[in-house]
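Please work through each task before reading its solution.

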Amino acid sequence: MEGRVPMIRRMTIATFAALVFGGFLGIRSGMAQQNPRPSPTRPAPAPTPVPKGDLPTLPDGPGAIPADGLPPEIEAEPAPKPVALPAQKKAEPATPKRDLDPPIELPGGDPAPVMDGPAPEMKSDADLQRVQTTPPADTGGLPPAKERPGGAPAAETGPPPDPKWILPIDRLPLAPSVAGLTVEVQAPPTANLNRPLKFQIFVKNTGQAPAMGVMVYDRMPEGLEFGKSEPPPTGMAGDIYYWQLDSLGVGTEKTITVTATPRKTGDFDHAPTVALRTGSRSRTLVKQPKLKVEITQDENAKILKGKSVNMAVRVTNNGTGPARSVVVHANLSSGLKHDSGSAIEVAFKDYLGKEFLGPGESESIPLEVDTVAGGEQLCKVFALSPDVEESEEARAEVKVTVIEPKLVLELKGSSERYTDTVASYTLTLTNPGTATAKNVVAAAFLPNLSGKLVDKSPPEVKYVTKERKLSWVVGDLEPGAKREMKFNIQLGAVGVFKVEAATEAKGTIPYQSTEFSTHVVGMPDVKCQVVARTKVLDIGEETVYEVRLNNAGSKEATNLLVSAQLSEHLQVVQTGGTEASAKSTTETGEPRDAVFPPLTLAPGAEQTLWMRIKATKTGKSTCTVRVVLDESETVYTTTTKVQEPR
């Protein structure tokens, strides 16, 4: 008998456990007959009936019922007394599907898309990605909770959660779980990387009596970062957040709204748990859209200024999720022009009528711009979406080489000339551009001031007398080429002789002009004549020599110096024609020369100087008159014969 005592004791414990478990199943089946919260995707599966015979064995390891019994808040309540199962009630109307309020906000201000249609089919436990794990049992106390980002409070109130009571995800259905307390979690079917998402946890008392000491536990899956919740968590331990809801009256419901941010792509199974070991599971597939921008242009390597450049901007979504509200931006350098300006913005929704660019999809937008300046020009393009992180792939640029003909016009000549002299002018055309200047013409316009064309050089010049215009047909001027055209003008009256020149390349280079001025100044032109009243003199006889001066030039003659030199046969007796008499420079005392004071002679003016002379010696005598003006000397002579008196 002593050996049978352990065996009898084990049989007694097994029988008692079977009775307790059978009563639990009866209560659960009665509660299942009530109408639970409908799943947002599909009806909750019917409870699996327990076969008769031996009780099922719970698995060991994470998620197994711990040996030390129920959680503290459950143990504190008295065990319910066996009651008769209530009669099946008429099914209540199904609770309509809930929309998350407010909707999930993504960058850009638009709500996140919600996938319509039935929920995906249930997968087996082996197919589901397990994103929560149960840590090994800890016999000691929980470490003190710390403040977490997003406003999560430290664990100050309520009993600390036991990680052993967080249910394994692979044992929870993707549907509401029916028990005395029902719990349901709702989350968007898809979300974008690094973009906040919201999910809600609904806890309802569907039993016949108030539920006491209700606790909700939630472990954040790896890669899902907790932000905040409403109401805030009561506390936390490690990566587990918990809310103490206290008691729930019959038919009452509590809602917890959690905001979190996915930090990696893939499936996230989120599974909050209540203390009654009733839980529900939701699945969120996090996708990452990626944009790639490519630009193509015409095959022409070089574009002539003034022509258009045709480009195509291609945007491809190489990611796994849709990209909303795609906008293409193009920035043009100063040498490119578009009707929209240098900064162009094109929204897919406006141009293509597409709200989303799905994974693997590509769209092209044509872009035509005008060239307004030569050189290397740039078109930089980038695409943006509130669902996409900025990246180098979403940027592209293209270089446009714009070639441009240019004309540089120069006109040179003499800056100052005297009247009645010839001035030479040179008109020069140069093409410093990168393209050929075609159909080049040039012209020179002479002023109405007196002056006439001396010759026609080069030969192809055409002169229109009525317009006083010289014109040349230059033709094509290659890049770097230079062309010179010369012409000569005989200047006339005093004044400013302004010559204008112009050129253009018809259709490519507009009209341009320049001018050059020559100051025409007058020049004195003094002419002199020496006249002897008598050509033959007797010794001792006197006569008069006249020096007649005339300024035939166009400028006043100043500092005009006049002097006379007589041979040995003659002698100066008296001078006149100026205010002061002329002076003699001879040292012998016999005045044979006369130096008149400096004279000023206006243009066209005349002045006569005279000398009364006396014959002193027989023979042929000469009178030499020198006129000096602006360092130029002119010599005039006359002769007189002196003879013996008869």
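**Exercise 1.** Determine whether Cys-379 is buried or exposed.

*Solution.* Step 1: buried means under 20% relative accessible area, exposed over 50%, and partly exposed in between, with a 1.4 Å probe and protein chains only. Step 2: Cys-379 has 0% relative accessibility, so this residue counts as buried.

The model is predicted: local features need pLDDT of at least 70 and side-chain atom pairs count only at pLDDT 80 or more, whereas totals for chains, interfaces and linings use all residues. Residues are numbered from 1 along each chain as its sequence is written, and side-chain values use heavy atoms, with hydrogens and water left out.

**Exercise 2.** Give the strand order of the open sheet of three strands, and identify its edge strands.

*Solution.* Step 1: strands are DSSP runs (E, at least two residues), numbered from the N terminus; two of them pair if DSSP finds at least two bridges between them. Step 2: the order is β2-β11-β9, with mixed pairing. Step 3: β2 (190–192) and β9 (266–270) each pair on one side only, which makes them the edge strands. Step 4: β2 pairs with β11 (residues 282–287) in the parallel sense over three bridges. Step 5: Ala-191 has Val-286 in β11 as its bridge partner.

Definitions and conventions
Helices (H or I, at least four residues) and strands (E, at least two) are DSSP runs, numbered from the N terminus.
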